[in-house]
Amino acid sequence: MPQILAVSNQKGGVGKTTTAINLSAALTLSLQKVLLIDLDPKGKASHILGFNKTETTFGISDILLGNQEFNDVIKKIELAPQNPLYVAPVSSLMQEHLSDLEFRQNKEYLLQQELNLLLSQEHFDYVIIDCPSELNLLTTNAYCAATELILPIQAEYYALEGI
C-alpha cells in the first residue's frame, strides 16, 4: 500500500502546490512511482505541469462523480528515464461539479473508494494530493483518503495561530 499524502492548509499562499509538485518530482527522480492528484479547482498544479484545465477533457472531478476511471484521466510527465510522474489533473468543470458531489452517497469517501480501485490494479509508491485552500468536501475527501497530512505553514505568528 502506498503512502497517500494530503498537502493541505486552509490558508492560501503557504506553498501547498509548490510542496506537492516538488515532493512529487523529487520522489519520481528517486525512482519512486508517484501519482499527483490536483484536487484544487484553481488547478495551479495542473497548470504548472503543463495541463491547461480549459483544454483538459476529463479531470479528477469526473473520477469523483463516477463518470471516468483513474486510468482514463491520468497523464504522464517524463521526468526520469523510464519513470514518469503520473498526474490526475483538474478540468475546468471542477467548480461546477462540486455541487453535484454534495448529493452523492458516502460523499466524504469518493476519492478513497476510487483510489482503492486504482491501487488494486496499479502499483504506486506514493500518492500526493494537492488540496484546495479551504475546508470543503474536496478537502474532506483528501483527508479521508490520506494516510498522512503535510501542512505547509509560513513562519509567522498569525499563520501558526490559524492552525
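How do the residues of the lining of the largest cavity divide into nonpolar, polar and charged? They divide into three nonpolar, two polar and two charged. Here Ala, Val, Leu, Ile, Met, Phe, Trp, Tyr, Cys and Pro count as nonpolar, Asp, Glu, Lys and Arg as charged, and the others, Gly among them, as polar.

The model is predicted; local features need pLDDT of at least 70, side-chain atom pairs count only at pLDDT 80 or more, and totals for chains, interfaces and linings use all residues. Residues are numbered from 1 along each chain as its sequence is written, and side-chain values use heavy atoms, with hydrogens and water left out.

The protein holds eight helices and six strands. Both are DSSP runs numbered from the N terminus (helices H or I, at least four residues; strands E, at least two). From the N terminus on, the order is β-α-β-α-α-α-β-β-α-α-β-α-β-α. The radius of gyration is 15 Å, close to the 15 Å that the globule rule gives for 163 residues, so the protein is as compact as a globular protein of that length. This radius is taken over C-alpha atoms, and the globule rule is 2.2 Å times the number of residues to the power 0.38. The C-alpha trace spans about 45 × 40 × 30 Å along its principal axes. Of the 163 residues, 50% count as buried. Buried means under 20% relative accessible area, exposed over 50%, and partly exposed in between (1.4 Å probe, protein chains only). Among contacts (heavy atoms within 4.5 Å) with a separation of 6 or more, 78% join residues 24 or more positions apart.

On a 1 Å grid over the protein atoms alone, a cavity is a set of points where a 1.4 Å probe fits but cannot get out. A pocket is an open set with protein on both sides within 12 Å along at least five of seven lines, and lining residues have an atom within 4 Å of a point. Grid points are joined across faces, edges and corners; a volume is the space filled by probe spheres set on the points. The whole structure has one cavity of 30 Å³ or more. The volume of the largest cavity is about 40 Å³. Its lining consists of Glu69, Phe70, Asn71, Glu114, Leu117, Leu118 and Gln121. Two or more of these residues come from each of α4 (70-73) and α6 (110-121). Helix α6 gives the largest share, four residues.

The largest pocket contains about 160 Å³ of space. Gly13, Val14, Gly15, Lys16, Thr17, Thr18, Asp40, Lys42, Lys44, Ile48, Cys131 and Ser133 form its lining. Helices α1 (16-29) and α2 (44-48) each give two or more residues, and the largest share, three residues, is from α1. By class, the pocket lining has three nonpolar, five polar and four charged residues.

Cys131, one of the pocket residues, is buried at 0% relative accessibility. No disulfides (cysteine sulfur atoms within 2.5 Å) are found in the structure. The closest cysteine sulfur to that of Cys131 is in Cys144, 11 Å away, too far for a bond. Cys144 is partly exposed, at 23% relative accessibility.

Ala142 lies in helix α7 (residues 137-145). This alanine is buried, with 0% relative accessibility. Beyond neighbours within four places in sequence, Ala142 contacts Ala6, Leu39, Leu111, Ile129 and Cys131. Ala142 and Ala26 are 116 residues apart in sequence, and their C-alpha atoms are 21 Å apart in space.
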